[in-house]
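Please keep the sequence and the coordinates at hand while reading.

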Amino acid sequence: MKAAPFDYVRASSVEMAVDALRDGAVALAGGQSLIPLLNARARRPAVVVDVSRLPLAGVEQVGSTLVLGAMTRLRAAETSPVVRRAVPLLAEALTHVGHVSVRNRGTVGGSVAHADPAAELPAVLLALDAVFSVRGRGGTREVDARDFFRGPHRTALAADELLTGIRVPLPPATARCGIAELSRRPHDLAITAVFTSVVLTGRVVTDVRIAVAGAAPVPLRAHAAEHVLRGEVFGPDVLAAAAEAAADATDPIDDVHAPAAYRRDMTAVLTRRALRQAVPA
Amino acid sequence: MGGGLIGARVSRAEDVRLLTGRAVFIDDVRPPGLLEAAILRSPHPHARIVRIDTAAAVAHPGVLAVVTGADVRALVHRPQPLIWRISPAGRETVAYPLAVDKVLYTGHGVAAVAAVDRATAEDALELIDVEYAPLPAVTTVEQALAPDAPRLHEDWPDNVAGRTVVAKGDVEEAFAQADVVLRETFRFARQLGAPLETRGVVATWDPFTSHLDVWLNTQGPHLARELFAEVLGLAVDKVRVRVPDIGGGFGSKAGFYGDQVVAAVLSRASGRPVKYVEDRRESFVATVHAREQRIDVEVAARADGTITGLRGTVHGVLGANFSTVGLSPCWTTAAVMAGPYAIPAVEVNVVGVVTNKPPYGSYRGYGLPKANFVHEHMVEALARHLGVDPHDVRRRNFVTDFPHQSPVFVYDSGRYAECLDLCRDAVRRAGWADRVAGARAGGAHVGIGYAFHNEVSAFAPSRIVNMSGLDHSGFDEAAVRIDSTGHVSVHTGQTSMGQGIHTALAQVAAHVLDVPLDHVTVISGDTDSAPYTGYGTAASRAAAVGGAAVLNAATRLRAKVLRIAAHVFEAAPDDLVIDEGVVSVKGVPGRSVTFADIGDAAYRRPHGVLPEDEAPTLHEREVYDPVNVATAFGCTAVLASVDVETGVVDLLGYLIAHDCGTVINPMIVDGQLQGGAAQAIGGALYERLAYGAAGEALTLSFAEYLLPTATVVPPFGVDHMETPADHIPGGFKGAGEAGVIGGGAAIAHAVEDALAEFGVRITSLPITPPDLLAAIRAGSDR
């Protein structure tokens with residue numbers, strides 16, 4: 001299919017982009033999700049605002065924060081030594097996003113703004129307590145990841161706002177990470193995926209983050225599961241209890257790939273596996 | 001003769017063009033003034049069309065023609081043709097290129113637009129106002145056969161499209177005398193062949209001469225020409241079908257589709273060439289579906305493992321309308337359900353059931369993968385029941401005396417036990433038993449599965465295929481020429497669609513004529529000039545019967561070359577030898593004449609070279625119609641692991657032992673086997689066209705319809721053995737479909753072996769993680 005007619009604006013500055021964004025407009029970054037949707041006429045914007053040439057690409061560590069420009073290509077972030085050193089969980093999660101050819105074009109901002117509930121990046125950024133920089137006509141505001149995702153493909157972005165950057169607080173150097181993802185074929189969109197970060201003091205869990213993709217209308221932070229683990233000695237019993245708590249937090253859907261009950265059950269399996277990957281027995 | 005090229009592992013002549021981007025596919029065909037078409041498709045699985053208003057679309061800028069189903073019906077001379085009638089007394093659907101009064105499935109075409117470009121045509125589709133009165137839909141065999149089921153065709157008493165039976169021997173007696181009777185029900189999901197290139201057509205209607213000139217990525221240009229002529233009421237000479245390069249066929253491009261007629265009608269209405277290419281989303285509703293069946297079977301056996309009877313019913317879950325081949329894929333499942341086994345009594349009923357889905361048509365393997373799954377499952381079940389090795393049950397029941405009259409076809413030749421041994425040897429050489437033992441010691445669940453298949457290939461003998469219900473011949477015509485420079489052109493009616501048939505036929509000609517391979521060019525794809533072939537390039541027949549036709553024509557041409565050379569040398573033709581296009585007298589290497597010399601004499605300067613009694617030119621034509629089909633066979637072994645917490649299956653190894661008679665090019669056969677095996681993997685683990693509770697189509701893109709990708713296809717190992725078909729010149733048997741036949745059963749058996757402790761039995765495909773996990777849990781609870 002071919003896209004329905006739309007007007008096209010190539011933004012040469014963030015101000016110009018924000019000025020063009022309004023109800024019925026959509027921002028085009030890497031195009032890996034939007035272009036197929038346009039071609040299927042599943043999205044019919046009046047205006048496509050092309051933000052791909054904006055100077056919003058780049059990765060840097062600023063003090064104890066990793067800052068990613070929204071236009072940073074997924075592959076650039078994945079292969080950045082800065083990301084790998086500062087936030088290994090994020091670098092590792094990026095390797096699961098689509099295929100390399102998709103990551104070469106797709107952007108970190110695009111993935112976040114597209115807000116697919118099964119996507120890796122929203123979930124891992126939720127686990128990392130990321131903060132999103134959002135530019136509107138009135139200026140810039142910061143939105144916590146936990147407030148950003150509102151539903152499938154729905155976010156806190158207003159029609160006239162553009163996601164410009166992502167700030168990730170650096171986890172402690174002692175944090176260990178684990179990812180367990182289940183997809184029908186490698187690099188497919190996840191059926192369910194779990195992202196974990198664990199800090200141990202001795203054998204005791206002093207900090208833990210668990211986020212789940214593909215198990216609810218939005219990426220989930222498994223707070224109850226984290227609560228089960230925090231302050232406990234890391235071992236099979238608390239792992240099992242945390243896995244069940246994570247599964248209890250889910251609100252999954254049925255689709256052609258898996259029924260909701262399977263996604264719930266897999267959340268438990270994957271939570272246990274991700275935690276075990278972070279802290280092998 | 002014997003230039004050594006039959007059997008040579010040579011690179012494919014097609015590949016340079018394909019790999020350097022110089023191929024011309026259907027979408028590259030752009031005659032001047034071209035319009036592009038789009039088709040409005042039903043959003044409902046079943047609805048009455050109350051009203052269609054096309055006025056706004058007609059008025060849309062850039063639109064040159066708009067037609068509705070009723071418009072197209074008024075212009076055609078007959079409904080969409082059916083070329084395979086399994087149940088001559090049975091009901092047949094009457095379908096036109098677009099829906100007329102009712103839409104019968106999601107995606108059923110309702111109206112079409114030709115415009116200056118595809119985007120404009122799609123814009124105009126949105127301006128067509130259709131009022132539908134939705135009706136309840138049926139998408140499963142159980143729904144369709146329920147007593148109060150909505151009827152798709154209201155003049156029918158039910159949703160049964162046809163019944164027939166495949167029978168041999170005394171089944172009642174076999175079951176009455178049986179020591180063991182085992183029963184099972186199998187279900188196979190709906191799939192489709194998904195070639196890299198979707199289907200497309202460029203039709204040009206000449207309003208002054210009433211010629212229809214068509215470019216079509218079809219597997220059967222001659223068949224398409226015949227059917228265009230029938231449907232549009234034209235003499236055959238008024239229709240020309242040309243085939244560009246084709247990006248894969250798999251049977252999907254073998255049928256005659258309504259959208260091809262729509263393009264012709266739009267060209268007639270607009271006075272311009274019209275292109276219609278289904279896009280990927282449309283292909284899921286516009287290209288034929290396949291595979292979906294429910295099969296209930298029983299086998300009768302003696303306590304020693306001898307299978308004495310097989311009976312049951314194949315329910316073909318057809319679409320709403322027949323495809324070009326009707327019920328025949330489902331009949332084929334029944335026809336070959338005994339597989340490689342000499343079962344004396346067989347009675348398999350075939351029931352075609354219409355549902356609110358797109359037509360059911362041909363896809364690589366036709367009915368065979370389902371039949372194979374059934375007989376291989378039953379062999380394993382019988383072995384388990386008797387506590388014996390399943391390979392012993394296979395051996396005990398293999399056909400060993402050839403020719404063998406199976407329920408329908410006569411198997412010409414085979415060495416099944418040797419092929420089974422070849423496969424088991426390959427497994428031993430690969431060290432799979434150690435891998436399984438090692439993995440199990442580490443707590444993993446890994447297993448090995450086997451499936452043995454045989455295949456009715458070279459489906460070509462015109463009388464046999466007619467008796468099977470196919471209303472079309474299957475012979476093959478070929479012409480071989482040597483030109484004035486001594487180079488060779490092979491003209492064939494077969495179609496090149498990525499499978500390497502040009503290379504294979506060139507090897508046959510070069511082998512027979514003893515000329516260098518690069519002196520041979522194969523020409524195909526234009527019905528105005530190509531030799532005729534029955535129904536098309538399908539059913540694993542191109543290499544076998546096309547190869548035999550080329551071989552016979554080239555053999556006669558070689559004789560003429562030798563007669564001319566003999567005249568030059570004043571020697572007897574029998575005393576001459578040919579080597580790389582040079583003819584000399586045996587034992588006298590100093591004197592020689594080249595094919596170029598002979599070609600020059602045959603066309604340009606005959607005086608003194610061409611004998612008085614030889615006609616000029618070097619051209620021989622052959623029409624080859626085999627007396628029988630040719631039965632190829634093979635054995636597949638799969639090594640698989642299962643994650644028992646998630647139900648995910650990983651394939652770790654895949655070995656095929658295969659016999660397709662004389663192999664023309666082992667590299668091409670390897671590729672065919674591997675491509676088929678990849679599709680078997682898709683069918684076993686991934687592919688399913690899904691429908692919702694209300695009958696709506698749920699799989700409309702590759703995000704929902706999962707093809708096997710490079711990441712899930714394991715490395716293959718292939719071993720060949722050769723049992724020539726002694727009734728076919730050259731001894732060739734078909735190889736195009738072989739890889740897909742045994743894969744499903746072998747994968748299922750590997751999964752069952754891996755999960756032996758849970759007693760999991762696989763009776764439906766695909767094996768999805770949620771379903772398999774449920775079966776594992778059920779096994780744990782037992």
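Are helix 11 of chain A and helix 12 of chain A parallel, perpendicular or oblique to each other? The model is predicted, and in it the axes of helix 11 (residues 236–248) and helix 12 (residues 260–278) of chain A cross at roughly 140°; angles over 145 degrees would count as roughly antiparallel, and the two helices are therefore oblique to each other.

**Helix packing in chain A**
- The axes of helix 11 and helix 12 of chain A come within 8 Å, and their crossing is right-handed.
- From helix 11 of chain A the contact takes in Pro236(A), Leu239(A) and Ala242(A), among others, while helix 12 of chain A contributes residues including Arg264(A), Thr267(A) and Leu275(A).
- By class, the residues of this contact between helix 11 and helix 12 of chain A divide into 8 nonpolar, 2 polar and 5 charged.

**Domains and sheet of chain A**
- Chain A is divided into domain 1 (7–50), domain 2 (59–169) and domain 3 (176–278), with the C-alpha centres of domain 1 and domain 3 of chain A lying 34 Å apart.
- An open sheet of 5 strands in chain A has the order 4-5-10-6-7, with antiparallel pairing.
- Strand 4 (59–62) and strand 7 (139–144) of chain A stand at the edges with a single partner strand each, so one side of each is left without a neighbour in the sheet.
- The twist of this sheet averages 25° from one strand to the next.
- Strand 6 (residues 131–136) of chain A is joined to strand 7 of chain A by 6 bridges, the two running antiparallel, and Ser133(A) has Glu142(A) in strand 7 as its bridge partner.

**Domains of chain B**
- The domain assignment of chain B gives domain 1 (398–455 + 628–782) and domain 2 (475–624), whose C-alpha centres lie 40 Å apart.
- Between these domains of chain B, 15 residues of domain 1 are in contact with 15 residues of domain 2.

**Helix packing in chain B**
- Helix 16 (residues 501–513) and helix 17 (residues 542–569) of chain B have axes that come within 9 Å and cross at roughly 30°, which makes helix 16 of chain B roughly parallel to helix 17 of chain B.
- The crossing of helix 16 and helix 17 of chain B is right-handed, and the residues making the contact include Ile501(B), Leu505(B) and Val508(B) of helix 16 as well as Gly546(B), Val550(B) and Arg558(B) of helix 17.
- The contact of helix 16 with helix 17 of chain B has 12 nonpolar, 3 polar and 1 charged residues.

Technical notes: Residues numbered from 1 in each chain as written. Chains lettered and ligands numbered in written order. Predicted model: local features only at pLDDT ≥ 70, side-chain atom pairs only at ≥ 80, totals over all residues. Heavy atoms only, no water. Domains from an automatic or database assignment. Axes fitted to C-alpha atoms, helices over the stretch in contact; angles between N-to-C directions. Helix = DSSP H or I, 4+ residues; strand = E, 2+ residues; numbered from the N terminus. Parallel < 35°, antiparallel > 145°, perpendicular 65-115°, else oblique. Left-handed = near helix turned anticlockwise from the far one by under 90°. Contact = heavy atoms within 4.5 Å. Nonpolar A, V, L, I, M, F, W, Y, C, P; charged D, E, K, R; others polar. Pairing = 2+ DSSP bridges.
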